[in-house]
Amino acid sequence: MKEDNIIEVSKLTRRFGDFTAVDHISFEVKRGEIFGFLGANGAGKTTAIRMLTGLLTPTSGAAMVAGEDVFTRAEAIKKKIGYMSQKFSLYEDLTVTENIRFYGGIYGLSGRNIRSKTEELLHRLEITGVRDRLIRDLPLGWKQKLAFSTAVIHDPAIVFMDEPTSGVDPITRRQFWDLIYEASDRGTTVFVTTHYMDEAEYCDRVTIMVEGRIDALDTPGGLKRRFGAPDIDEVFVKLARSGSGAANRLGKNAETRSDESAANRPGRGATPPPGEGTASRSNPNQPEGGGAT
Amino acid sequence: MSVTVRNLKKKYGDIEALKGVSFEVNPGERFGFIGPDGAGKTTLFRILVSLLLPDDGEARVIGLDPVTGYKELRRRVGYMPGRFSLYQDLSVEENLRFFATIFNTTVSANYDLIRDIYHQIEPFKKRRAGDLSGGMKQKLALSCALIHKPDVLFLDEPTTGVDAVSRREFWDMLDKLKATGLTVLVSTPYMDEASRCDRIALMHRGHILDVNTPQGISGNFGRELWAVRADRCYRLLKALRSFPHAGSVFTFGEQVHYTDRRDDFNPEELKSWLESEGLAQVQIEKIRPTVEDTLISLMDRQEGGGPPDNSATEFHRT
Amino acid sequence: MKAFWGFIVKEFYHIFRDRRTLLILFGMPLIQLLLFGYAIRNELNKADIAILDQSRDEVTREVTDKLLASGHFQLAAFLESEAEVEKIFQKGLARGVIVFEPGFGRKLIREGRSAVNVITDASEPNMAQMLEVYITNVIRDYQREWNAVNHGGGEFTAMGINPQTRMLFNPGLRSANLFVPGLIAFILMLVSAFLTSITIAREKEMGTMEVLLVSPLNPMQIIVGKVLPYLALSVINVFMVLVVALAVFQVPFRGSFVLFTLLCLLFIMTALALGVRISSLVRDQQTAMMISLAGLLLPTILLSGFIFPIANMPDVLQWISHIVPAKWFLIIIRGIMLKGAGLEHLWMETLILFGMMFILLVSSIHSFKIRLE
C-alpha cells in the first residue's frame, strides 16, 4: 500500500445472481486528486461507488478506502468520507444554518466546532445574508454549493459526488467546480461521477466504465491523445463503439437498470439510511441525470 | 410559418417561468431551444402543444391557436415529453400499436417514416418497455410520436439521461427525418447539441437571449475570445482572475476561456505575466466562441455583469 | 371507435400484468369472504356455560342434555351452590350460568310452570344478549317437544326474557347473512372506486397522461375507457362472491335477481364516478390511495351499517352516514337478498342512490382536466 494512495482497488467484483455489475476493476486514487468516474447508465459506476462508500459488500476482490478495508471496516469508512448526491442535498424546509447544524451533528462535530465551521462556511460562500432563509427559497446554484460545503464540513479525506451538477446552468456549474478545486487544493480527494463529458476534463484522472469493467484510465489529455479525439465525449463514443460495447448497449436487462436507479437514492456518508444495501426498484421513468422543467 | 410565438408569458404562483418570449419557426426547420433547467423550455413546449394556458401573449402552431384550436392541434402534432412517457408494462410493439390506434391510424400506414428508427429496436419488440435501456426507450418514444405522421414534432429534452452514444444516434435519426420536411422543435440542456440544429434559441430563466443559426450565435459574442492553457489548471484559473485587466474568465475543460477588458489586448503580455506567477507551459490562442461561450456571456450580461449570485432575485425551483 | 377500443385493450393489459391489482381484484374479496364467513363469527360457538341444577331430576337433565347437544355451548362446570355462581364469573370460566329452581320437574308437571334462571356475563353485552337468545331458543324448543309429548298444558318461562321474541329473517343470527351483503358493497367500492382512482392517478404520475391528452382522444373516451374494464370486473366479482355466499354459506336469496343486478350496476356506476372524481384531485397514486382509503373504504365499513348498526351510533354519525352511498345500497341488497323486497319497498333508496350517481357523474366529467394545470 503506497503512502499517498487514499483509495486502492484490486479486482473488485460485485455480482447480483448471475449478473456481474462490477467486473474485476482495479485502480488507485492519490490523496488530493480529483478523480472522475464516467460511464453510461448501467455501466456499473453506481455499484462501484456504493462498494467504496461502505454501502454494499463486494462479492470478491479487495479495496481500501482512507486506510480502511471495505469488507471489514465499512462503518469506519463511512465516518471518514463525505457524500453528495444529485437526488438529495439539503432539507428544503430548514434554514441554511439549521441544515449546517444538522449535518455537523450527524458527522459528529462538537457544538463549538459546528458554530465556528458554520461561520467559516457562510463567509466563504458569501451567503451570510441568507443564513436564516429556508433552503427552498434559495436559487439552485446556491443550494448546490451549500450542499457540497456541508458534505465536507467534517473535513473528510474523500468526498464522493454522484452527478452533482445535473441540470445546472453553465455559470453555476463552473462556480461549483471552483469549490471542488478549492477542496482538492486543501488536500481533500474528490471522487466524482458525471455524465457531462466536458466535466471529465476538470479531473486529474478519469476512468470510463463499460459493462462493469474499466476500459480506460488516464488523464483527460492522455485519453484524448490515445484515442485521437478532440474531447472526452468522442473518447467515450469510440470506446463504446469498439468491441462488445455496441452490441450490448441494445440488450439491457432489468437488473442492470434497477441496480442503477436504486443506487441513486438519498444517502450521506456518515449515517446511510437503513436497508440501503440491496438493489430494488424505483421509478424507472426517472432519467439518471437532469430533469426537465 | 410553422410556429409563431409573440411575447408569451407564464407564471406559476410567483415564479415567472416565461417572461415574454417571441420567435418564429420556418416549415421544415430543426429548431433547438438550448438552456439549463429552469430556463422555461418545458413550460414553453407545454403551452405550444396546448397542455398549459399562457397568461399573456400569442402563439400559432401550424396556423392553430393552442388555446382555442386545441382539438385540431392535438390531432396533428407529435409530442415527446421528457421522461419518454411510455407504458412500462406494455411491450415495444404494443406501445407502438397503441399510439397508432389512438391516432386513428395503423403501424403500417406510416411505417416508412419510422422504419430506420424502429429497425434498431425491432429485435426487442416483445420486450416490456420498462425493461429497455435509456437509448432504446428514446427510440421507441420517438417512433410513437411519429407514427401518426404529425405536421410538427415537439421533442422535450429527448436526450437527457441517455448515454453519449445514444444521444448521437438520436440526432442522426433526426437528420434522416429532415428529408421528409418535418418541422422539429427540440429542447436540450446540452450545448454541444446546438450545432446540430438549423437555428437555435438560447434560453435562460424565462427569457430568450438570442435566436440565430449556431454559427451566427457566436457572432454575438462581441469580443475576442482566447483559450489559455498551462500546467496547473486551478492555479491558472486563480491567476487569470487576479489579472488586472481580466474581463471574463471561465473554465472549459483543460483550458480557460478568457476575454480581456481592453481592445488592444496583447497575448504575449498575459503570457509573461502568467509565467511570472509561476505557471509553466503557457499557451494562449485565439478561438471562435462556441454556443456555450455565447450563452455564458449573454447570461453574464443579463445578470448585470456581476456574478449571478449577488444579483439574482428570481429563484427557480426544480 | 377503433381508438376507443384500442384504449380499452391497453387497460386490460395493465390490469392483468400488474400482480398487485390482480391480488386486490380477485384475492381480496375471496379472502374477505372466507374471513368473515368462517373466522370472524358473531355467532355462538362453544360458549362456556355452567349449570346450577338445584333440582336434579329427569326434566332438568333432559334440558341440560339438549343445551349441551346443540353445539353452541360447552359445559365449563357443574355448580353446587349459589355462592359458586359469582365465583365462576369472576374467574372468567363461564359466560353464562343456568339455574334450575329446586323441584323443577315436579313443579312443571303439577303446576304447569317452572322457572329457569339465565344469568349472563354482560361485560360483553353482545355476547350476553346472544347467549340469552340461544338459551331461550333451546329451552323453548324443549318446551314444545315436552308439550307435544305431554299433550300440552305446560309452560315454563325463563325469567326476564320476553317470550314473544322471534328473530325474523335471520333466526339463527347467522353472521354470514349479516356480512355478505356488506361485503358485496365493500368489494364494489374497492374495485370500482379505489382501483379506478389509482389507475387514472398512475397515468398522471407516469407522465403518460400528457401524451394521451395531446392526441385525438377526448376526455369522455379516456374516462370511459379507463372505467369500463373495472365495471366488467366488478360485475364478475359480485357474481363470484354471490356464488360463494349462496353455495358455501347458504345465505338466502329471496328477491328478484334482475332487480339485484340492476341495482348493483347502479351502485357500481356511483362508485366508478367517485373513483374518477378522486383521481382528478390528485397527482400521484399514493395520494389517490390515501383519499380512497380514508374517504371511501373506511366509511363504507364503519358507517354503512356493514357491521355496526347505524341506529346505535351517535346522531352526528347517523347524519354523516346519509351521504355514504354504501349505506343506501346495503339497505337495498339486504332487502332483496334477505327479505325478498321489491322495488315498491326500495324505491326511496334507489332514488337516492340514483341521485348520488348522477351528481357524481356530472361532477367527475366536469372536473376532468384537459390541460395540465
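1. Start with B:Asp55: it counts as partly exposed because it has 14 C-beta neighbours inside 10 Å. The cut-offs behind that: a residue is buried if 20 or more other C-beta atoms lie within 10 Å of its own, exposed if 12 or fewer, and partly exposed in between, with C-beta atoms placed from the backbone. As a caveat, this is a predicted model, where local features need pLDDT of at least 70 and side-chain atom pairs count only at pLDDT 80 or more, while totals for chains, interfaces and linings use all residues. On labels, residues are numbered from 1 along each chain as its sequence is written, and chains are lettered from A and ligands numbered from 1 in the order in which they are written.

2. Where does B:Asp55 sit? Its place is the loop between α1 (41-48) and β4 (56-61) of chain B. Helices (H or I, at least four residues) and strands (E, at least two) are DSSP runs here, numbered from the N terminus. If you set aside neighbours within four places in sequence, B:Asp55 is in contact with B:Lys9, B:Lys10 and B:Lys11; contact requires the C-beta atoms of two residues, placed from the backbone, to lie within 7 Å. B:Ala145 is another matter: 90 residues along the chain from B:Asp55, with 28 Å between the two C-alpha atoms.

3. Chain B as a whole has eleven helices and 13 strands. Its C-alpha atoms fill a box of roughly 70 × 45 × 35 Å along the principal axes. Of its 318 residues, 50% are buried. Among chain B contacts between residues at least 6 apart in sequence, 70% join residues at least 24 apart.

4. Chain A has eleven helices and ten strands, and 52% of its 293 residues are buried. Take the chain A contacts with a separation of 6 or more, and 69% of them come from residues 24 or more positions apart.

5. Worth a look in chain A is an open, antiparallel sheet of four strands, ordered β2-β1-β4-β5. Its edge strands, β2 (19-30) and β5 (68-69) of chain A, each pair on one side only. Pairing takes at least two DSSP bridges between two strands. Within this sheet, β1 (residues 5-16) and β4 (residues 60-65) of chain A run antiparallel and are joined by five bridges. If you want a residue pair to click on, A:Val9 has A:Ala63 in β4(A) as its bridge partner.

6. Chain C is assigned domain 1 (2-39), domain 2 (47-168) and domain 3 (176-372), with bounds that come from an automatic or database domain assignment. The C-alpha centres of domains 1 and 3 of chain C lie 15 Å apart. Their contact takes 17 residues from domain 1 of chain C and 22 residues from domain 3 of chain C.

7. Which elements give two or more residues to the domain 1 side of that contact? They are α1 (2-17) and α2 (19-39) of chain C, and α2(C) has the largest share, nine residues. By class, this side has twelve nonpolar, four polar and one charged residues. Nonpolar means Ala, Val, Leu, Ile, Met, Phe, Trp, Tyr, Cys and Pro; charged means Asp, Glu, Lys and Arg; the others, Gly among them, are polar.

8. Last, helix α13 (residues 325-339) of chain C. Its 15 residues should span 21 Å at 1.5 Å a residue, and the end C-alpha atoms are 20 Å apart, so the two agree; the expected span is 1.5 Å times one less than the number of residues. α13(C) is mostly covered, with 14 of its 15 residues buried. After α13(C) comes C:Gly340, with a positive phi near 70°.
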